[in-house]
Amino acid sequence: MDFDLIVIGSGPGGYVTAIRASQLGLKTAIVERAELGGICLNWGCIPTKALLKSGEVYEQLSHLADYGLSSGGASFDFPKIIERSRGVAKKMEGGVAFLMKKHKIEVLFGVATLEKGAPAPKVTVALNAGGKRTITAKHVILATGARARTIPAIGLESDGDRVWTYRDALVPKACPKSLIVIGSGAIGIEFASFYRALGADVTVIEALDRILPVEDEEVSKAAHKAFEKRGLKFRVAAKVTKLSKSKTGVSVALEAGGKAETLIAEVAIVAVGITGNVENLGLEALGVTVDRGHVVTDGHGKTNVAGLYAIGDIAGPPWLAHKASHEGVHCVEHIAGLKPAGLTAPIPGCTYSNPQIASVGLTEAAAKAAGHEPKVGRFPFRVNGKAVAAGEIEGLVKTVFDGRTGALLGAHMIGHEVTEMIQGFVVAMTLEATEEDLMATVFAHPTMSEAMHESVLDAYGRALHI
Amino acid sequence: MSIDILMPALSPTMEEGTLAKWHVKAGDTVKAGDVIAEIETDKATMEVEAVDEGMVEALLVDAGTENVKVNAVIARLAGEGDSASFDTPASPAAQDDKKGGPAPAAKAAPETPPSSHPEQAQGAVSKDATTAPPKFNDAGERVFASPLARRLAQAAGLDLKAIAGSGPHGRVIKADVDAARGKAPASAPTQSGAAPAAAPRQVQSLEQQGIPAGSYDLIPLDGMRKTIARRMTDSFRDVPHFPLTVDLEIDGLLAARAKINAMLEKDGVKVSVNDLVIKAVAVALKRVPEANSSYTPEGIALHHHADIAMAVAIDGGLITPIIRAAETKGLAQIAVEAKDLAARARDKKLKPEEFQGGTFSISNMGMMGIKSFASIINEPQACILSVGAGEPRPVVKNGALAIATVMTVTLTCDHRAVDGAIGGRFLNAFKALIEDPLTMIV
């Protein structure tokens with residue numbers, strides 16, 4: 001037996017799992033076919049935040065006069081923006097390499113395949129540097145993540161030139177003048193927000209009847225308005241029937257409300273969801289149960305094959321880095337016999353558009369559907385002192401409580417930096433706070449977070465500043 | 001430095017007890033193992049032994065004091081060193097573990113069940129046998145629980161102290177209260193933080209139901225009554241149960257009993273019909289082991305031994321002392337043990353392990369002339385046998401009316417573990433043994 005644990009994939013699921021395993025005294029190896037840190041650090045969460053920050057600062061330059069400031073004409077150097085984003089990713093990747101070393105985790109760069117073995121499947125790594133190495137361990141955790149879903153039949157697949165996935169959209173040679181984004185989830189909206197900030201003519205197509213369809217309906221609506229104000233265009237309840245390419249761009253045929261329409265742009269971004277990386281791992285030969293592109297696991301990440309576990313995107317939605325890390329830590333603590341608390345913690349979701357969107361728990365509609373009698377509170381930033389002072393008055397905080405028990409069921413926010421504020425509600429929900437505890441909590445003044453307090457008070461008819 | 005002696009928890013569900021008697025007085029010197037006090041709970045009376053030595057500095061609770069909370073300081077020893085400081089809250093785990101934290105100077109005799117001991121029989125509150133016993137803290141007051149859990153427990157009329165916590169450091173969370181309420185925690189998608197909460201059962205007051213205040217006396221609910229109420233409600237609501245009834249002719253059994261008792265007279269042992277029933281049940285369970293089982297989410301537990309719990313009525317309720325591994329014991333031994341257990345049950349002198357953890361229950365109301373009845377499943381046991389009175393009844397034999405002594409028994413089965421066919425096979429095996437008692441010895 002070479003190791004106690006082999007982790008396949010070094011994204012935020014895999015590398016965090018490996019660190020926790022090392023902390024628990026397990027001799028651990030991690031296999032990565034590309035860059036340490038996976039999509040999140042290299043092609044997802046982190047480099048997009050770098051781009052979005054460039055876009056946000058650039059946008060603010062056009063509002064300098066609002067703050068009594070002036071400066072020369074604003075402009076941007078697109079390759080420099082991309083370069084900065086790549087630099088940030090590189091820096092973070094280096095950080096993961098350091099952490100692996102610090103925790104004495106052996107890193108194997110290569111492509112892993114599994115074969116039958118006991119007590120866990122054997123792992124053969126086709127090393128990127130050449131050659132093969134077969135390693136064995138008591139436990140194997142799959143953390144291979146996911147990739148963009150494509151629909152080749154109607155042209156929704158990357159060609160790296162005119163049709164992009166998130167990966168292409170992170171490293172274009174030039175900023176497109178016009179752009180069609182297909183899919184209005186977090187990924188689609190973030191790219192739409194970034195390219196719009198740099199002046200591109202952006203249209204977002206959403207198949208469902210509202211953008212950001214997983215968010216609370218009120219937040220969706222507010223986001224729609226806020227984005228439109230910035231010049232984003234939307235087609236909702238619109239079905240893409242065909243994406244065609246020409247030398248100069250793309251044309252997207254769609255149907256909405258029984259009417260056909262064709263949109264034209266330089267570039268299209270396909271952001272229609274995620275599919276798990278379950279292929280070429282040898283899962284079929286092992287008999288691993290896979291359902292619609294995701295490995296099926298029990299409450300602790302265990303698959304139906306002895307010694308084999310799966311965590312993160314490959315194990316199913318929500319496809320979020322922090323969910324992957326959380327599952328990985330739980331899984332490895334379970335392996336180590338620690339009996340971690342169940343995987344029931346509420347998982348927040350954030351969209352880093354301008355304005356930002358953040359939420360946790362049940363939407364008002366979902367709460368009703370689940371049989372709660374929700375008590376709902378709202379508070380707009382427009383009457384919050386700090387927001388007014390900062391010139392960031394867009395958005396609101398909405399809270400959903402169970403009318404019978406006072407349990408906080410969900411919180412939904414749109415506004416400036418709300419992705420940093422949502423954590424307050426996540427802590428409250430994780431600790432099973434009730435409205436009473438939140439009302440009794442002192443919020444610092446002046447902060448935008450006071451709107452969180454007010455939203456809670458409003459749910460019980462006690463809002464102070466509205 | 002002095003050492004605090006705390007009120008011990010004699011069972012996982014004990015919340016308070018009566019300090020019946022002191023065996024020491026201030027100024028006495030005690031050493032480890034000395035009996036220093038007697039504690040009475042709803043179920044038992046126990047001796048408390050000193051675990052440290054030292055001089056009794058003060059007795060802080062008078063003998064005869066009722067409702068002394070678990071972990072309250074009852075006495076103080078003048079010990080050596082710096083072992084104890086009462087204002088440091090200590091978890092029960094730390095207190096059980098002499099290595100960590102302030103050690104209590106007293107322990108119950110016998111030792112309270114270790115935390116891994118599944119709560120069973122009369123003691124069970126949580127159905128999750130892996131959870132730790134209830135968390136007491138400080139002077140038995142502070143219980144770590146989430147705000148939502150507190151509110152839900154209050155709404156459901158549950159005592160948080162009696163609920164095993166599954167959160168970090170044993171914190172009681174919503175799921176624990178749901179479980180204690182006998183409701184499986186509603187499965188919620190991972191992203192949703194909370195599942196729909198069940199509305200607590202609405203019970204109208206007697207006044208609301210037209211019975212005026214003052215027209216009745218109210219007997220307060222003691223610990224045993226609350227335990228019975230909770231366990232029976234949980235079981236009757238949550239366990240899909242069904243009764244199977246069969247008539248047994250016991251003339252042969254009665255004749256055998258007379259012979260056996262004549263033989264045993266010189267030893268002063270008297271075998272009752274109930275003892276014969278216990279023996280027959282144990283042998284029948286050996287033949288049909290599926291009936292000696294417990295349903296768990298992980299699978300059906302088939303118990304290795306027939307640990308027969310027999311219901312004994314006592315003041316204010318009932319208790320089910322256990323004849324362990326009854327299939328290995330002779331009739332005389334069963335008779336002696338059953339008599340001793342029943343007597344000590346009535347005196348409330350049973351130790352927790354003597355009434356917790358049976359695998360099959362018997363409730364006999366024959367002596368009260370009850371013809372037949374169906375008991376409520378005693379979780380986690382899959383079966384309970386209700387034994388009626390043996391009485392002369394007309395029976396048809398070879399086409400002609402005859403008289404036989406007949407006893408009706410009813411087996412209540414937990415359908416999740418025991419199907420009708422299993423229950424039937426068990427009753428057939430049991431009937432064969434009772435009607436031809438000689439077969440019990442082969």
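Three bridges link strand 10 of chain A to strand 11 of chain A, and the two strands run parallel. Strands here are DSSP runs of E with at least two residues, helices are runs of H or I with at least four, and both are numbered from the N terminus. Two strands pair if DSSP finds at least two bridges between them. A:I205 has A:R235 of strand 11 as its bridge partner.

The model is predicted: local features need pLDDT of at least 70, side-chain atom pairs count only at pLDDT 80 or more, and totals for chains, interfaces and linings use all residues. Residues are numbered from 1 along each chain as its sequence is written, while chains are lettered from A and ligands numbered from 1 in the order in which they are written.

In chain A, five strands form an open sheet with parallel pairing, in the order 8-15-9-10-11. Strand 8 (163-164) and strand 11 (233-235) of chain A are at the edges; each has a single partner strand, so one side of each lacks a neighbour in the sheet. Helix 6 of chain A packs on this sheet and touches strand 9, strand 10 and strand 15 of chain A. The direction of helix 6 makes about 165° with that of strand 10 of chain A. Such angles run from 0 to 180 degrees between N-to-C directions, with axes fitted to C-alpha atoms, for helices over the stretch in contact.

Helix 6 of chain A covers residues 186-197. Its twelve residues reach 16 Å from first C-alpha to last, close to the 16 Å expected at 1.5 Å a residue. The expected span is 1.5 Å times one less than the number of residues. Twelve of the twelve residues are buried, so helix 6 of chain A is largely enclosed by the rest of the structure. A residue is buried if 20 or more other C-beta atoms, placed from the backbone, lie within 10 Å of its own. Among the buried residues are A:E190, A:F191 and A:R196. The partners of the buried residues include helix 3 (45-61) and strand 20 (349-351) of chain A. After helix 6 of chain A comes A:G199, with a positive phi near 100°.

Chain B has nine helices and 19 strands. Of its 442 residues, 44% count as buried. The contact between the chains takes 27 residues from chain A and 19 residues from chain B. Residues are in contact if their C-beta atoms, placed from the backbone, lie within 7 Å. Strand 21 (356-361), strand 24 (408-415) and helix 13 (435-439) of chain A each supply at least two residues of the side that touches chain B.

Note on methods:
Two residues are in contact if their C-beta atoms, placed from the backbone, lie within 7 Å.
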